[in-house]
Amino acid sequence: MKESTRYNRQTILPEIGDEGQQKLAKSKVLVIGAGGLGASILPYLAAAGVGEIGIVDDDVIEVSNLHRQVIYKTSAVGKSKAEEAKVMLSELNPEIKINTFFEKLSGKNALSLFEKYDIIVDATDNISIKYLINDACLVTNKPMVYGSIFRFQGQVSVFNYQNGPTYRCLYPDENTNVLNCEDAGVIGISVGIIGMLQANEVIKMILGIGEVLSGKILVYNILKNEQQKYDFDKNSNLQLTKEDFERKYNSEENQIQEIYFESILDEINNDEVLFLDVRNEDEVPKIKFKNSIQIPLLNLENELGKLNKNQLIFVFCQSGIRSKIAVELLQKNQFQKVKSILGGVLEMKQLLKEEKI
């Protein structure tokens, strides 16, 4: 199929034309996350003819993903999201290049990855990773296309575009606690709409047309069919060097330690350690040990006085995501002996059942 035929319906637009199509063909876009948002973003970038697309995701497909991650088939359950996304996109448009990175984004690989691309798209639901993406974009001078979902509402913005405001300008508090899709719930339509809006921002930047959401955040509510757009300013005091980045993300003291529950089963009811449940009080299943305490993540910063900084603390939540945020918060408040339990209650429940505890 000739390229002119494939892209005919968009090249006849005066704002695009053959010149715009060439810009798309020469562009390189890195998408962090091939979940719900990524499943909406990726097909539209590929179909539009973005010349090179990178996909970063270390996760595999689960049945519970399929209601919103619509580029995957049931037969692909258990396979790499990044690789399955590549298969789908290559079939959709074999004229473009797809690179996959079956790894988790971290301080060790972010800068080297970002340097190879023109635009970075945040398609994650992890607050800590969003700050990492923002900071790596600052160091490498790349724009960050941001998307976020909370139940029936979504947000879209573009950070660090032409030295514009950053994610930290809008959300300066790194300890902000927000539930992810697994914990808060989500309908597929929400991520579909927000993902397409993110893809739209990418296309506009590549083509140099329209009004980019820089210094603005679009909030869309699918239940009310309402959207609002808010302005926010750049905080010129927020500066970040490569040395700052390396110190923040790659120093030993800032690494979050994770541990398998199976390895600490003997610590249950040991008065010298504490199990900290950071789930909300209405969440099930209930996990209660003699040496456990429940402080919801949203309340944790205000209730640090209930904890002993010298005690070994194992933190758990429903799936192992909020517990990592809690550990990071505790470490920033001089708690040194804290570890996050991998897999959260979902893993703990099975092991407790097997051990008949």
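# Aromatic cluster, cores and backbone features

Ring pairs link Tyr131, Tyr146, Phe159, Tyr167, Tyr171 and Phe232 into a cluster; rings of Phe, Tyr and Trp (its six-membered ring) pair if their centres lie within 6.5 Å, and planes under 30 degrees apart count as stacked, over 60 as edge-to-face and the rest as tilted. This is a predicted model, in which local features need pLDDT of at least 70 and side-chain atom pairs count only at pLDDT 80 or more, while totals for chains, interfaces and linings use all residues. Residues are numbered from 1 along each chain as its sequence is written, and side-chain values use heavy atoms, with hydrogens and water left out.

**Overall form**

- The secondary structure of the chain comes to 14 helices and 13 strands; helices (H or I, at least four residues) and strands (E, at least two) are DSSP runs, numbered from the N terminus.
- A compact globule of 357 residues would have a radius of gyration near 21 Å, and the 22 Å of the chain agrees with this; the radius is taken over C-alpha atoms, and the globule rule is 2.2 Å times the number of residues to the power 0.38.
- Along the principal axes, the C-alpha atoms of the chain fill a box of roughly 70 × 50 × 40 Å.
- Buried residues make up 53% of the 357 in the chain; buried means under 20% relative accessible area, exposed over 50% and partly exposed in between (1.4 Å probe, protein chains only).
- The chain has an accessible surface of about 17,500 Å², and 48% of this belongs to carbon and sulfur atoms; areas come from the Shrake-Rupley method with a 1.4 Å probe, and for residues only the protein chains shown count as cover.
- Of the contacts in the chain between residues at least 6 apart in sequence, 68% join residues at least 24 apart; contact means heavy atoms within 4.5 Å.

**Nonpolar cores**

- The largest nonpolar core has 48 residues, and those with the most contacts inside it are Val29, Leu45, Ile53 and Ile55; such a core is a set of buried Ala, Val, Leu, Ile, Met, Phe, Trp, Tyr and Cys residues joined through side-chain atoms within 4.5 Å.
- Helix H10 (residues 188-207) gives the most to this core, contributing eight residues.
- Apart from this core lies another, of 28 residues, among them Leu132, Ile133, Phe159 and Phe245.

**Aromatic pairs**

- The structure holds 11 aromatic pairs.
- The rings of Tyr131 and Tyr167 form an edge-to-face pair, because their planes stand at 65 degrees, with the centres 4.8 Å apart.
- Tyr131 belongs to helix H7 (residues 127-140) and Tyr167 to helix H8 (residues 167-170), so this pair ties together parts that are 36 residues apart in sequence.
- Tyr131 is buried at a relative accessible area of 1%, and Tyr167 is buried at 2%.
- The rings of Phe159 and Phe232 have planes at 55 degrees and centres 6.0 Å apart, so the pair is tilted.
- Phe159 lies in strand S6 (residues 153-159) and Phe232 in the loop between strand S8 (226-231) and helix H11 (242-250), so the pair ties together parts that are 73 residues apart in sequence.
- Both Phe159 and Phe232 are buried.
- The charged end of Lys248 sits over the ring of Tyr249, 5.3 Å from its centre; this requires NZ of Lys or CZ of Arg within 6 Å of the ring centre and within 35 degrees of the ring normal.

**Backbone features**

- Most residues other than glycine have a negative phi, and most peptide bonds are trans.
- A cis peptide bond, with omega of about 5 degrees, joins Val284 and Pro285; Pro285 is in the loop between strand S10 (273-277) and strand S11 (292-294).
- Asn141 is not a glycine, yet has a positive phi of about 60 degrees; Asn141 lies in the loop between H7 and strand S5 (144-150) and is exposed, at 56% relative accessibility.
- Asn269, also not a glycine, has a positive phi of about 75 degrees; Asn269 is in the loop between strand S9 (258-259) and S10 and is partly exposed, at 41%.

**Ile341**

- Ile341 is in strand S13 (residues 338-341) and is buried, at 0% relative accessibility.
- Not counting residues up to four places away in sequence, Ile341 touches residues including Ile259, Phe275, Phe314, Phe316 and Met348.
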